[in-house]
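Colleague: I have a model open and would like to talk it through with you. Could you walk me around it?

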Amino acid sequence: MKAAAFDYIKAQSVPEVLALMSEHGDDARLMAGGQTLLATLNMRLSEPQLLIDITELTELKGIEIIGEHLWVGALVTHTEIENAALVKKYAPILCAAAPHIAHRAIRNLGTWGGSLVYGDPAAEWPACSIAVNATMVVRGLQGERRILASDFFVDLYTTALAPDEILMGTEIPLANAKQVFSFQELARRHGDYAVAGLAAVAKKTGQVFSDCHFVFFSVATTPVAAVQAQSLVNDQAVNAELIAAAVAAARAEIETMEDITNSAAAKSHLVGVLLERALKKMLAE
Amino acid sequence: MNPKIPIEMIVNGNRVQAEIEPRRHLVDFLREDLGLKGPHLGCEQGACGACTVRVNGQIVRGCLYLAVQANGKVVDTVEGLTAQGALTELQDAFMRRNAMQCGFCSSGMLLAAAELIEQQPQATRAEVREWISGNYCRCTGYHSIVDAIMDILEAQREQTE
């Protein structure tokens, strides 16, 4: 359970990181919190020659309002998100989700950006980032570009980030007073990888939901939005009948994948269970 | 490849200098190089919590943290915190409540509990249980550990009333 030998460098700037990535390619790995990377190295599932510690990069830090958006830097830790007043106000589902991530000691080091670029199907942040309409800001040798969260998660452990790019952070549209949300996660023990999860966000006026996002995780290779369930619910008065219809739609449209905990059929069942709980909770708010 | 890297850190209040391999985990550096056997090795994957130590005031997994990352930082183990008296009430509560048997999980449990008491002084029993999910105990069945932590939280809450 000891890692193979590697070199280590603590980078001081983004240009330095980009140059190192270009020079070393696949032989190097970026390290932020290291909570996934070091476990991987300990089990020798990966043996990079060089670890590039990026924790000094100030451009990747910070939680602040910039214009119409909440900026959350890639290096912000899970604990920082859990405790941030700005996140509680402008992207509250993130505060609700944070305590579900692993355990406190891991949350103290693990990062928002690290979780997003790793793209684990059981992770909380990818689904949440889609549910809040985040935009990923990435930078490479060619310059900076923006990728919508809904376009970012491409396949198992695969994102739209190019090999020479680094995630700087995300821009999240500010939640207004009408936003309701529900974060649901089922796990066998607290802190385990999710068996199934849901990040649900909507705008609520009276009994009518609009702009719905129902994003499931841990049921497929990437987070998956229940698009038809969303359309069914959008701009309708939500009642027991509509909830039942949305649940049926979500179960039908999402192609679930089995894993070591559950069959695909069980995952489909849980999709419906979580959506029902989320809609009822959001309705009651 | 892999030259040793010079580092300097404060461990339990003492300045420590060393040259170490980048791949050396903080917990191995503390145990083997500094003789601090308080933190233990369990899973080396971050799941069991036996290796929990404090870096710059917060708990981390010593097995998922490289010694080189601690350069310029302040590290505390159960030995140092005990010497400082930072854990005395918690340790007394553990003893009163019989919250230890073999003691393997105890240093991690104490450090995790100390952070909870500091960060979430209003924690309920359910919240204490969730918080210590990151520390496995194979002996006690956990209830006595939760009892000990609740004793401290309740005493603290009574004092501030």
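Modeller: Let's begin with Leu275(A), whose contacts beyond its neighbours within four places in sequence include Leu198(A), Phe214(A) and Ala226(A). Two residues are in contact if their C-beta atoms, placed from the backbone, lie within 7 Å. This is a predicted model, where local features need pLDDT of at least 70 and side-chain atom pairs pLDDT 80 or more, while totals for chains, interfaces and linings use all residues. Residues are numbered from 1 along each chain as its sequence is written, with chains lettered from A and ligands numbered from 1 in the order in which they are written.

Colleague: Which residues have the most contacts inside the largest nonpolar core?

Modeller: A nonpolar core is a set of buried Ala, Val, Leu, Ile, Met, Phe, Trp, Tyr and Cys residues joined through C-beta atoms within 7 Å. Buried means that 20 or more other C-beta atoms lie within 10 Å of a residue's own. The largest such core has 144 residues, and those with the most contacts inside it are Ile93(A), Ala199(A), Phe216(A) and Leu275(A).

Colleague: How many helices and strands does chain A have?

Modeller: Helices (H or I, at least four residues) and strands (E, at least two) are DSSP runs, numbered from the N terminus. On that basis chain A has 12 helices and 15 strands.

Colleague: What share of the residues in chain A is buried?

Modeller: The C-alpha trace of chain A spans about 60 × 45 × 35 Å along its principal axes. Of the 285 residues in chain A, the buried share is 49%.

Colleague: Which elements of chain A give two or more residues to the side that touches chain B?

Modeller: In this interface, 25 residues of chain A are in contact with 25 residues of chain B. On the chain A side, the elements giving two or more residues are strand 1 (7-10), helix 2 (37-42), strand 3 (50-53) and helix 6 (104-107).

Colleague: And within chain B, which element gives the largest share of the side of domain 1 that touches domain 2?

Modeller: An automatic or database domain assignment sets the bounds, dividing chain B into domain 1 (5-81) and domain 2 (87-160). Their centres, taken over C-alpha atoms, are separated by 22 Å. The contact takes 14 residues from domain 1 of chain B and 12 residues from domain 2 of chain B. On the domain 1 side, the largest share, three residues, comes from strand 3 of chain B.

Conventions. Buried ≥ 20, exposed ≤ 12 C-beta atoms within 10 Å, placed from the backbone.
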